[in-house]
Amino acid sequence: GLYYGTAITFSGQSLTQQNDWGRIDSNWFYGHRILGINLASTNSGVGRQYLIRGNSFYDTVAVAPNLNAWIGIHSDIYINSANAASWGHQIIGNYIGGQGPFASGPRQFVNPGTASIYSIFYNASNITPGALVANNWVTNQIYNQGSGATFYYPYHFFINAGYVDVLSNVIGHPTDTHNVRYDNNSGACMYGFYMFHSAPTSIKFNRVQNVTLNTTGSNGYVAIYHGTTTIGEAFVDSNIVNRFLNRSSATSTSSTCPAFGGLFITNSSPTHYIRGNIVGGTTAEDSVSVFSSNPLNPSVSTPVSSMMYGIWNNAGIAQVSNNFVGNLYTNSNSINTSTIASLVGIHQVSGTGGSVVTNNTVSDLINRTTAGTITYGITSLSATATLTSNTVRNITTNSTSTGTSTGTSLAGIFINSSQIQTTTNNTIRNLVSLGAANTQVVGIQSQVNALNLVRGNSISQLISN
C-alpha cells in the first residue's frame, strides 16, 4: 500500500522532437500514490494521438497519496501536455476503482490526505479536433478523510483544455447503491465532471448515479460542471444524474458549490444546447436527496441552510429543451432571496439575450423544512428569454413564509428581468404549501421591467393552508 512512484510516464525532447502515437492498452495498475499514467508537460514533448484504452486502476489497501509528492496530486490518467501540437488523444474504456481488474471486488478505499484527486485529467490543444474521453468508469470507491487535513477537491473528470468530446462515461453505478461514497470529509466541493475546455464540444450520454455524501462540515456536489468562454457550439445532451444522497451536518449555499447541483453551465459562448438530460427521475428510487443531519445519527434531521437545483444555466445563448428534473428532496432551512431559491428545478440566468427554455418537465420537488424557504419550478433571471411549453407539477413546500408581492414562497415559474420576456403555453399544476397559513402559492410570478408577454398558460390546483 505504500506506493510513491508513477507507473508510466511519456515525454519527449522538445516541440520539434515529440513522442507521438503512444499506445497504453489493457494494462492493470495495482496501486500508485501519485500518477498512474503520466503524459508529461516536460519540454513540451508529448505530441499527438495517444491511445489510453482498457486499463484498470485498483488497489487492495487504502490509497493514501504521498503527502510529500512534488506534484501535490493523485491521478490515475494524467495528460498535461499543454502545447498546441498535442491533440487527438483517446481515453476510452478504462476502469478506476475496486480491488481487482475492471473495478471488480470490494470497494477501493481512498484516503485523500492533502492531495487533490483527479481520476482523469486532460490538458491539451484547443486548436485541432479529434480528442475523446469516452466509456470510462469511476466506480466502486469510498473516500474517507478521517481525522486528516482538510479534504481537497476531487475532480473525477477534469478537462482543463482541449478540443475534446466527453461521452458515455460513468461515475458510480446505475444500480449499485452508494457505489461511490464520501465519508467523514469536511469543507469540500466535489465535482463529477469539471470542465473548462473552450473548443467546440459534445458532453453527452454520461451518468452520475448512486453517489453518496456521508460527511461532516460544509460540503457541496455538482455532477456536471462546464464553465469557460467557448469558441464554438457546446452540446450538453442526454446525461443522467440521479440516485444521489447528501447526508451532511452542514451543506453549501453557493451556486457553484451547492448541496446538490445536477448540471451547472456558465459560458459567454455561442449557442449552448442543453437537451434531453435527466436529473432525478420519475420514481422515488431515482430521487436526489439533501438531508442535513449528523452522519453518526442519520435518523435525526438537523436542517441547515443549503441550495439545491437540477439545472443551472448561465451560458450565453442557450437552448434548454426536453430536460426532466424530478423527485428532488431537501430539508433546507435556508431563507433565500427571491432571486436565489433554496430549491429550484431549472434556473435560467444568462446575461446574453436569446435563450429559449422549452418542453422541459419539472416534477415532484419537495422542501420538507418548516422555515421561510423559497421553492421554484423554473426561473428566468436572464436577458431576453422565451419560456414556452414547459410543464411544472407536483411541488410541495412546508415554508413558513407568507411571501411578498415580489417574492413568493412557492412559484411554478418565477421571472425577474429588465429585458423582454415571453412566457407562453406552459402547464403548471398541483403546487402545495403545507406550512404557515396564508402562504403565497403562485403559478407564474413575472416581474419584468420591459415588454412582458404572458399568454396561453394553463395553471391549476394551487393549494395553500
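The second largest cavity here has a volume of about 50 Å³, counting as a cavity any set of points on a 1 Å grid over the protein atoms alone where a 1.4 Å probe fits but cannot get out. The volume is the space filled by probe spheres set on the points, which are joined across faces, edges and corners. This is a predicted model, where local features need pLDDT of at least 70, side-chain atom pairs count only at pLDDT 80 or more, and totals for chains, interfaces and linings use all residues. Residues are numbered from 1 along each chain as its sequence is written, and side-chain values use heavy atoms, leaving out hydrogens and water.

**Cavities**
- Gly31, His32, Phe57, Tyr58, Val63, His74, Asp76 and Gln108 line the second largest cavity, lining residues being those with an atom within 4 Å of a point.
- Strand 6 (56–58) and strand 7 each give at least two residues to that lining; strands are DSSP E runs of at least two residues, numbered from the N terminus.
- The largest cavity comes in at about 60 Å³, and Phe57, His74, Asp76 and Gln108 are among its lining residues.
- In total, there are 3 cavities of 30 Å³ or more.

**Disulfide**
- There's 1 disulfide, meaning a pair of cysteine sulfur atoms within 2.5 Å.
- Cys189 is joined to Cys257, S to S 1.9 Å, and the link is left-handed, with -110° about the S-S bond.
- Cys189 sits in strand 19 (residues 189–195) and Cys257 in the loop between strand 23 (240–251) and strand 24 (260–266), so the pair ties together parts 68 residues apart in sequence.
- Cys189 is buried at 12% relative accessible area, buried being under 20% with a 1.4 Å probe and protein chains only.
- Cys257 is buried too, at 6%.

Notes
1 Å grid on protein atoms, 1.4 Å probe; cavity = no way out; pocket = protein on both sides within 12 Å on 5 of 7 lines; lining within 4 Å. Helix = DSSP H or I, 4+ residues; strand = E, 2+ residues; numbered from the N terminus. Buried < 20%, exposed > 50% of the residue type's maximum accessible area, 1.4 Å probe, protein only.
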